[in-house]
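Dear colleague,

Here is the structure I promised to hand over, and I would be grateful if you could look through it alongside the notes that follow.

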2 protein chains.
Amino acid sequence: MLGRMATIKEISRKAGVSPTTVANVLYGRTAKVSAETREKVQAIIEEENYTPNMGAMMLLKNNSRIIGVIMFTEPRKNETVLEDPFSSAILGAMEREIRESGYYMMLYTTSDEAEVVRLSKAWKMDGLILVWVPGNICRIINSSIDVPCVYIDCFFEDDEHTYHNIGLEDRMGGYEVTKYLLSMGHRNMLFLPCNPIFPGGDTERFAGCKDAFAEQGLVLDDDASRPLPYDRAKRLKIYLEIARKKTHTALVFSSDFYASEALTYLQEQGIRVPEDISITGFDDNIFSRLVQPRLTTVHQDSSKKGTLAIQMLVKLIHGVQVEEVRVKLPIWLEIRNSVQKLS
Amino acid sequence: MLGRMATIKEISRKAGVSPTTVANVLYGRTAKVSAETREKVQAIIEEENYTPNMGAMMLLKNNSRIIGVIMFTEPRKNETVLEDPFSSAILGAMEREIRESGYYMMLYTTSDEAEVVRLSKAWKMDGLILVWVPGNICRIINSSIDVPCVYIDCFFEDDEHTYHNIGLEDRMGGYEVTKYLLSMGHRNMLFLPCNPIFPGGDTERFAGCKDAFAEQGLVLDDDASRPLPYDRAKRLKIYLEIARKKTHTALVFSSDFYASEALTYLQEQGIRVPEDISITGFDDNIFSRLVQPRLTTVHQDSSKKGTLAIQMLVKLIHGVQVEEVRVKLPIWLEIRNSVQKLS
DNA sequence: CTGTTAGCGCGTTCAA
DNA sequence: TTGAACGCGCTAACAG
């Protein structure tokens, strides 16, 4: 307990045996140690609360039992991604699953693939979780890293590598919400993706919106998508501008976070939701149930993404073949009160 | 880039020099290496994207540059604490500060102090951040661990050890909000702490509530505090029961999370806020600005807690004396629309 | 002046 | 039941 952690050498000295004998006791090689010695050594091991020095283990086994969790931030985005409640749900689930699987979690935020490679090798990581990594960088990482990688919400540009990904029925999400809006009489909708730079989930969701239009023999063109900036003040300006123009009857957001931000702000500016403009979200997290009116939104299970990702990664680490390489978790539409029926 | 990380030995072999020469180049001992050799070796180092094996470093230096971030969960609380937006704000700030200070972040959730001790020693951690640790466990940790520890939102039972803590003007928070309620004519308030087990911030806040009453020559007795259970369904039942009894005119919550939960739920049950009952929050996070009416709440800067904690820890690691051992970050009352003026 | 050999830190296994 | 050797980075001491 006190002072520094006991080493095998110290324990062996206290017990008056060799380090090898201590190791034999530790690993239950009873055939190699007399019962008497075994008990004496065991007692000291417990007394000293012995745990191996992970540095020595790394050197010896060439691995560390560390799972690196890498959250990609975009270079332009200065605030930390972790503050998003969506990532904290995933993170919480991962921490738990990593710990319960007997691994350790190293958390790192970056937008530099070289750093990821260096980190994983310096720490002899057993595996990596990569969240929101752009497709071109996934390719670099997969060809530079030789330990298992599981991606979360990533989209890949090539098929040279086998990518393991935990994703979502994004396209179906866009489709479902748009189909609903159409059924409520909306024809002029605006899609507001979160992410101004990378193609990814947002692109898929917008494709789903188009699908719903096409199904009705209608066309939703590319002008109907307006990416949101990272700066809150700029976003608010955009919300107001759009609502005042009255060219759209419905705003389709790609996250509950921005949807509730817009809803709240527009109300403060005297614009009624859904009477003046309809709003939909995406995620079905706590935000969608706090605002008044409650947000009609697309449900997804964020924690499950984290849990599944770790379970898949641990399988890969153990060399178990994973049948489903690209998981797409189901979504469903959660209808509440933020959409107006148009006559 | 490809395959495993290059070792000094491999680089020395490629350059046709000894490992020592490579080390001399790495550490800029120019006097010991000819300019020609230096450049040749330097080129290979960069080409191979060399980084030291952290396991070897741990063995050599007896530290790891790992900062352990330990989130205490209560044994009864099964859900992960990380999903709380409050902890994600702190966490995000810490991740950033740790990375920018050149350390690595290992994240771990537990309620077992022995595990904390073992973890910190096995990994030769340079320092620890401990969040929401009960006082009796702080004592054990401080006497068993010989690396710097900085606590966040902890309360200590003894003065044998020097505890470094980043906390909040909790008592002042309870005082300010209660003073405001009194000024609005409320005399029957109920304080609803988050944490049914440990004394801590909630106790301080409640003491602040009593201070405000005492200042007016009034008494707030212990019945005016009702801890909330972790089970959501049970909480909702409590909210409704209290509101229906009409014995209290104001509910003083210890977090925006529960305050907005209650506000939303009571509204769904046909109870008007603040006309039928007033509600106040604590934290001033996004929740308080999403609900309608906006929550009157006590402001605190969660991210700053994380940043300051890491800055203090890094100082301690570097052996720098820290003048302010127990930081209490300021709070202020944020008045919005969830409190009714009583005549 | 330039470069090398030797040895430490720790846990594990093979050969003795 | 034990000594020796290995994995890797770093530095003190030493050789060319």
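In helix α8 of chain A, the buried residues are A:Asp170, A:Arg171, A:Gly173, A:Gly174, A:Tyr175, A:Glu176, A:Val177, A:Thr178 and A:Leu181; please bear in mind, here and below, that this is a predicted model. The helix covers residues 170-183, which makes 14 residues, and its span of 20 Å from the first C-alpha to the last is close to the 20 Å expected at 1.5 Å a residue. After α8(A) comes A:Gly185, which has a positive phi, near 95°.

Turning to the two protein chains, 47 residues of chain B are in contact with 49 residues of chain A. On the chain B side, the elements that contribute two or more residues are α4, α5 (85-100), β2 (104-110), α6 (113-122), α11 (256-268) and α12 (286-290), and the largest share, 9 residues, is supplied by α5(B). By class, that side of chain B consists of 23 nonpolar, 14 polar and 10 charged residues. The chains also pair through strands, in that β2 of chain A (residues 104-110) and β2(B) run in the antiparallel sense over 3 bridges, with B:Leu107 in β2(B) as the bridge partner of A:Met105.

In composition, the surface near DNA strand C has 16 nonpolar, 8 polar and 2 charged residues.

DNA strand D is likewise surrounded by 26 residues, the closest being A:Ser18, A:Lys32, B:Thr7, B:Ala23 and B:Ala56. Here two or more residues each come from α2 (19-26) and α4 (54-61) of chain A and from α1 (8-15), α2 (19-26) and α4 (54-61) of chain B, and the surface near DNA strand D divides into 15 nonpolar, 9 polar and 2 charged residues.

With best regards

Notes: Residues numbered from 1 in each chain as written. Chains lettered and ligands numbered in written order. Predicted model: local features only at pLDDT ≥ 70, side-chain atom pairs only at ≥ 80, totals over all residues. Near = placed C-beta within 6 Å. Helix = DSSP H or I, 4+ residues; strand = E, 2+ residues; numbered from the N terminus. Nonpolar A, V, L, I, M, F, W, Y, C, P; charged D, E, K, R; others polar. Contact = placed C-beta atoms within 7 Å. Pairing = 2+ DSSP bridges. Expected span 1.5 Å × (residues − 1). Buried ≥ 20, exposed ≤ 12 C-beta atoms within 10 Å, placed from the backbone.
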